Amino acid sequence: MLLLAALVDPSDVLAQPVSTAGGAIRISVTASPSEQPLPYAVVSVPQLAIERFTDAQGGVVLAGVPAGVHDVVVRRIGFVQFRSTVVVVAGQTTLLNVQLHRVAYRLATVAVRSSNRCRTPGLPDSVASPDVFALIGLASENADRFRLLAQQHPFSYQQARALGSVIGDSFKMRRIDSLLIASVASATYRPGELVRLVRGLDGSEERTLVFPSILDLVDSAFTSTHCFGYAGVVQRNGETWQILDVRADENLQTPDVDARFYLDSATSGLRQMDLILTKASALPINSRGVGAIIVTTSFVEIASGIAIIDKMCAITTLRTASLHGVPARLVELQHLLVYEFKVPPPGVLSSGFSFSPAGWRVDRPVSTALVSCMPK
């Protein structure tokens, strides 16, 4: 299956009848000064809890809006947020043309402020550290778009999973299977509570390690217990990625995560997210052999401004297993195979699409897959 983008004819949208009990707002969103349409901008009416994506032409119609005065907010990654007041008349369509201006960054001149310790957690001051604050806003906007996509266009995806081990420079794949995962649109992060007690259907209990999702990492519970800094830029895949460095509060006595967000400087889209386990020595007794865990997740755009999870690599370094003094690493790789939407996003004709297979084989080296996620 392939992802196909279609242009929606505005006349088809306008032909829809307007409810006499309310009115409608037709919104067109473009970039300034180019006047290029901005697909997948987020249009919301906060007081009515309405949120919608614009279509491939940057347009959206909000129907059935109660008559009266309403605030309309328009957001798009990399652009300054727009807010306006709109008067809705029953039985009529109100037109709103919105031009969004790109956010100006000066990060090239900002000193790297990454730190190995977090003593005063919480969001930085927007006046004292405006650029770092802006980067946090971009990471949050990426997560919010993922949430809206999962809520309004639920999807499931299948990933190939490979489990293996690395000792020194030798990698051996032990098992290959597949995972079917449903989209998740709720945050569950609790500071210092990565280890959860899970009850099985047979009544048995097992402690397991639950890493945060992209939605958890911008939740207030997470931002209030972590420190944020700018860690410079890297060149990847012909793009320049800005790095937002995140450190867990050192006062947390139980395992949590440090993180790094990699944001494309041209589009502000999230390209990669690294999670690093903290305080591994405080894991439960049955996991004390774990020395470190690093989880790298990469994202791929399926449409302009709409990104989904592409690949995941988790590396667990063991304290107890080694070869000639070199620690052993357990490796889990996940590779995106198929995405399937229940209701496709606007402008997408196909409800599902597929990606190239991973090409993994048991007992064969996969060094190319490991290069991007093995710690340097």
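**The sheet and the spaces**

Modeller: Let's begin with strand 1, residues 22–32, which runs parallel to strand 7 and is joined to strand 7 by nine bridges. This is a predicted model, by the way. For one of those links, find arginine 26: its bridge partner in strand 7 is leucine 95. Strands of a sheet pair through backbone hydrogen bonds, either parallel or antiparallel. Here the three strands form an open sheet in the order 4-1-7, and the pairing is mixed. Strand 4 (59–66) and strand 7 (93–101) are the edges, each pairing on one side only. From one strand to the next, the twist averages 25 degrees.

Now for the empty spaces. Rolling a probe the size of a water molecule over the atoms shows where empty space is left. The largest pocket has a volume of about 1200 Å³. It is lined by 44 residues, and the closest to its centre are Leu209, Val210, Phe211, Val295 and Met312. Several strands give two or more residues to this lining, among them strand 8 (155–167), strand 11 (205–209) and strand 17 (306–323). Sort the pocket lining by class and you get 28 nonpolar, 12 polar and four charged residues.

There's also one cavity of 30 Å³ or more, and the volume of the largest cavity is about 40 Å³. Its lining includes Thr188, Tyr189, Arg190 and Asp216, along with Val210 and Phe211. By class, the cavity lining has five nonpolar residues, one polar and three charged.

Technical notes: Residues numbered from 1 in each chain as written. Predicted model: local features only at pLDDT ≥ 70, side-chain atom pairs only at ≥ 80, totals over all residues. Heavy atoms only, no water. 1 Å grid on protein atoms, 1.4 Å probe; cavity = no way out; pocket = protein on both sides within 12 Å on 5 of 7 lines; lining within 4 Å. Points joined across faces, edges and corners; volume = space filled by probe spheres on them. Helix = DSSP H or I, 4+ residues; strand = E, 2+ residues; numbered from the N terminus. Nonpolar A, V, L, I, M, F, W, Y, C, P; charged D, E, K, R; others polar. Pairing = 2+ DSSP bridges. Axes fitted to C-alpha atoms, helices over the stretch in contact; angles between N-to-C directions.
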